[in-house]
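Here are some notes to read beside the model. They take one site or element at a time.

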Amino acid sequence: MNKLSQWMGTITLACLGSITVPASASDDAKFDDYRSALEDGNPGEFWIDDGEELFYAKAGPKNASLDRCDFGLGPGVLEGAYAQLPRYFADTDKVESLEGRIISCMKNLQGYNDKQIQEQFLDIHYLNAAEEDSRVSPLSQIATFIASKSNGQPFLIQLDHPKEKQAYELGKKTFWNRMGAMDLSCANCHAVKGRVLRGVELPIMTDPHRAGKVMGAFPAYVNKDGNVRTQWWRNERCLLAMRLPWLKTGSPIDTSLILYQVKKAAESKQEIAVPGIKPRA
Ligand code: HEC
């Protein structure tokens, strides 16, 4: 309770603080202010601890833990693994994002089938995209724990495997192609300098510096939602705003959109700092 009121105090201060930021200050600077105001009290830290517990707990039809899950650097090696995702995995013959890989390990190691994954880890916690949906997803807890093991490292995306190159091209195409009834592309909002929507300066995701800041902060605690949101969730929010169908977690479009943006982030050599913290997202 004490801890909670402590954050509330910090959050109020942070909000008041932002009023004094001159209108010309870039959103980048505002986010930096916000982040430093909350630096000592990011509620997202709880996701790391809870995620660690879930990662090592026995679960699923095989009553096994995820601790032998291979995120690309060998079974159970977590340090630095997130920094190299999405990447190709020979056992599934697919390029997988962090969440996609966790789901694969839930299937392979813990014995969950697709229906169980859908019902227990995807549907329940992401019934719809209502921004007020604050239920905590175990998948995001596990993802936050694993991602935090790459803190301090920059993304390193090599695109060595032909399927990685393919996925990158798919991500690029998805980012730049106009789609849906609104005839919008991601690039319409995220590749043009100075675009403002609902008073928010839109991040230019084709700028490595900005992409580095954005991608290296996910999974991030979103204060407006009172929840931690992942890279998948962010893409899903924008696809929904474009009136496009629901983005399946770990699907080829999800993975390739992440890969395209993380590749840009990698060029900046910015360090991963998870969980990030954002006023809204
Ligand atoms: C109509 C404009 C629009 C389109 C089209 C759009 N977005 Fe967004 N995007 C936004 C807005 C608004 C935000 C929220 C900015 C904020 O609140 O910080 C956002 C935020 C984001 C963020 C997180 C930024 C951050 O600072 O955390 C990412 C990543 C992103 N969008 C990716 C995409 C991708 C990928 C697509 C295409 C599938 C896309 N967007 C399409 C408007 C758009």
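**Notes on the predicted model**

1. Pro86 sits in the loop between helix 3 (45–56) and strand 1 (87–89). Helices (H or I, at least four residues) and strands (E, at least two) are DSSP runs, numbered from the N terminus. The peptide bond from Leu85 to Pro86 is cis, its omega being near 0 degrees.

2. On the basis of the notes: this is a predicted model, in which local features need pLDDT of at least 70 and side-chain atom pairs count only at pLDDT 80 or more, while totals for chains, interfaces and linings use all residues. Residues are numbered from 1 along each chain as its sequence is written, and side-chain values use heavy atoms, with hydrogens and water left out.

3. A cis peptide bond also joins Phe218 to Pro219, with omega near 0 degrees. Pro219 belongs to the loop between helix 9 (208–215) and strand 5 (220–222). As background, most peptide bonds are trans, and most residues other than glycine have a negative phi.

4. Asp93 is not a glycine, yet has a positive phi of about 55 degrees. Its place is the loop between strand 1 and strand 2 (94–96). With a relative accessible area of 37%, Asp93 is partly exposed; buried means under 20%, exposed over 50%, and partly exposed in between (1.4 Å probe, protein chains only).

5. Lys269 likewise has a positive phi, of about 60 degrees, although it is not a glycine. The loop that holds Lys269 runs between helix 11 (252–268) and strand 7 (276–278). Lys269 counts as exposed because its relative accessibility is 60%.

6. Which protein atoms are donors to the iron atom of the ligand? They are NE2 of His190 and SG of Cys238, lying 1.9 to 2.2 Å from the iron. His190 is in helix 8 (residues 186–190) and Cys238 in helix 10 (residues 231–241), 48 residues apart, so the pair links distant parts of the chain. Donors here are N, O and S atoms within 2.8 Å of the metal (3.2 Å for Na, K and Ca); water is not among the atoms, so sites may look incomplete.

7. The arrangement around the iron atom is octahedral because the 6 donor atoms subtend angles of 88 to 178 degrees. Six donors count as octahedral if opposite donors are over 155 degrees apart and all others between 65 and 115.

8. Two strands pair if DSSP finds at least two bridges between them. Strand 5 and strand 7 pair in the parallel sense over 3 bridges, and Tyr221 stands opposite Ile277 in strand 7.

9. Asn42 lies in the loop between helix 2 (27–37) and helix 3 and is buried, with a relative accessible area of 9%. Leaving aside neighbours within four places in sequence, Asn42 is in contact (heavy atoms within 4.5 Å) with Tyr221, Pro275, Gly276 and Ile277. Asn42 and Tyr221 are 179 residues apart in sequence, but 7.4 Å apart in space, C-alpha to C-alpha. A polar atom of the Asn42 side chain lies 3.3 Å from the backbone oxygen of Gly276.

10. The Ser256 side chain reaches the backbone oxygen of Ile253 at 3.2 Å. Not counting residues up to four places away in sequence, Ser256 touches Ala167, Leu170 and Gly171.

11. Helix 6 (residues 138–148) is largely enclosed by the rest of the structure, because 11 of its 11 residues are buried. Among them are Gln141, Thr144 and Phe145. The buried residues of helix 6 pack against helix 3, helix 4 (98–108), helix 5 (114–123) and strand 6. At the start of helix 6, a side-chain oxygen of Ser137 comes to within 3.1 Å of the backbone nitrogen of Leu139.

Definitions and conventions: Tetrahedral: all angles 85-135°; square planar, octahedral: opposite > 155°, others 65-115°. Polar contact = N/O pair within 3.5 Å; in protein donor to acceptor, adjacent residues only side chain to side chain.
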